[in-house]
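Please read the following points alongside the model, taking them in the order given.

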Amino acid sequence: MDSRIPRLRRKLARIPYAPNRSHSFGEERHEFRLGPRLTKGQAETFQTEHDVELPQPYRDFLTNMGGSGAAPYYGLIPLEDCTLFTMNSRDASTGSRGFSRAYRPTRRGDLFLRVIERGCSDLVLIGVTGPLTGRMLIGNADGFRGPNVSSAPDFLAWYERWLDHMAAGQDNRALELTSPQLRAQPIRQRSAHSP
């Protein structure tokens with residue numbers, strides 16, 4: 001278990017549910033509480049069925065803290081309801097990139113798992129293959145904006161940043177969970193000669 005888990009538990013316990021705390025739709029759905037933890041077997045079954053490996057910090061969260069609930073927006077999606085996406089090519093007119101649902105089996109492009117419910121075609125994803133593995137992204141399936149890559153190095157750091165913002169009285173509009181400097185760049189094919 002990741003050593004950050006006990007600290008995250010303490011921080012979450014200090015944030016009681018208050019209507020409209022984060023000024024976002026959906027917080028009343030999770031009320032700042034987590035659902036039951038996943039067993040290691042449940043996580044392994046998902047990985048086998050989808051032919052992916054969950055980033056370890058995210059997996060540690062699911063198996064040691066909770067498998068759904070308290071998270072930004074509508075909350076953490078139960079793993080069995082999470083879906084895989086690939087990132088589309090950049091739209092020349094907007095500069096943004098959308099996402100397409102990845103139906104198994106696929107080896108086209110890097111894969112991202114939708115882990116937080118944000119509503120409509122907005123997505124909160126974690127990279128599960130490629131150079132953004134383990135990183136959190138916020139984007140839009142239709143490419144209306146973003147995607148933005150979080151400056152947090154992994155899911156636990158991203159989640160802790162959210163808890164810190166909630167404890168400080170900030171809301172989801174001011175979360176600063178993404179870094180404009182790290183907007184998703186075109187993923188280049190690596191050649192055998194690339195370092």
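1. Ring pairs join Phe32, Tyr58, Phe61, Phe155, Trp158, Tyr159 and Trp162 into a cluster, where rings of Phe, Tyr and Trp (the six-membered ring of Trp) pair if their centres lie within 6.5 Å, and planes under 30 degrees apart count as stacked, over 60 as edge-to-face and the rest as tilted. By this rule the count comes to eight aromatic pairs. Phe32 and Trp162 form a stacked one, with 5.6 Å centre to centre and 5° between the planes. Phe32 lies in the loop between α2 (27-30) and α3 whereas Trp162 lies in helix α5, so this pair ties together parts that are 130 residues apart in sequence. Both Phe32 and Trp162 are buried, buried meaning under 20% relative accessible area, exposed over 50% and partly exposed in between, with a 1.4 Å probe and protein chains only.

2. Phe61 and Phe155 also form an aromatic pair, edge-to-face, at 5.2 Å centre to centre and with 75° between the planes. Phe61 belongs to helix α4 and Phe155 to helix α5, so the pair ties together parts that are 94 residues apart in sequence. Phe61 is buried, and Phe155 is buried as well.

3. A note on the basis of these values: this is a predicted model, in which local features need pLDDT of at least 70 and side-chain atom pairs count only at pLDDT 80 or more, while totals for chains, interfaces and linings use all residues. Residues are numbered from 1 along each chain as its sequence is written, and side-chain values use heavy atoms, with hydrogens and water left out.

4. On the overall layout, the protein has five helices and seven strands, these being DSSP runs numbered from the N terminus (helices H or I of at least four residues, strands E of at least two). From the N terminus on, the order of the elements is α-α-α-α-β-β-β-β-β-β-β-α. Of the 195 residues in the protein, 52% are buried. Among contacts with a separation of 6 or more, 59% are between residues 24 or more positions apart, a contact meaning heavy atoms within 4.5 Å.

5. Which residues touch the most other members of the largest nonpolar core? In this core of 40 residues they are Tyr58, Leu79, Leu113, Phe155 and Tyr159, a nonpolar core being a set of buried Ala, Val, Leu, Ile, Met, Phe, Trp, Tyr and Cys residues joined through side-chain atoms within 4.5 Å. The elements that give two or more residues to this core are α1, α3, α4, β4 (111-117), β5 (122-127), β6 (136-140) and α5. The largest share of this core, seven residues, comes from α5. Apart from it lies another core, of 10 residues, which includes Phe99, Phe112, Leu123 and Val149.

6. The search of the whole structure finds eight salt bridges, each a side-chain nitrogen of Lys or Arg within 4 Å of a carboxyl oxygen of Asp or Glu. In one of them Asp154 pairs with Arg4, the closest N and O atoms being 2.9 Å apart. This pair links distant parts of the chain, 150 residues apart, with Asp154 in the loop between β7 (148-149) and α5 (155-167) and Arg4 in the segment before α1 (5-13). Asp154 and Arg4 are buried. Elsewhere, Arg7, Lys11, Glu160 and Asp164 are linked in a network of salt bridges.

7. The side chains of Glu31 and Arg33 also meet in a salt bridge, at 2.2 Å from N to O. Glu31 is partly exposed at 27% relative accessible area, whereas Arg33 counts as exposed at 52%. Arg114 and Glu117 form a salt bridge at 2.2 Å, N to O, and Arg114 counts as buried at 16% relative accessibility.

8. Most residues other than glycine have a negative phi, and two backbone positions may be checked against that. Asp51, in the loop between α3 (40-50) and α4 (56-64), has a positive phi near 55° and is partly exposed at 45% relative accessibility. Tyr73, in the loop between α4 and β1 (75-76), has a positive phi near 60° but is buried, with a relative accessible area of 11%.
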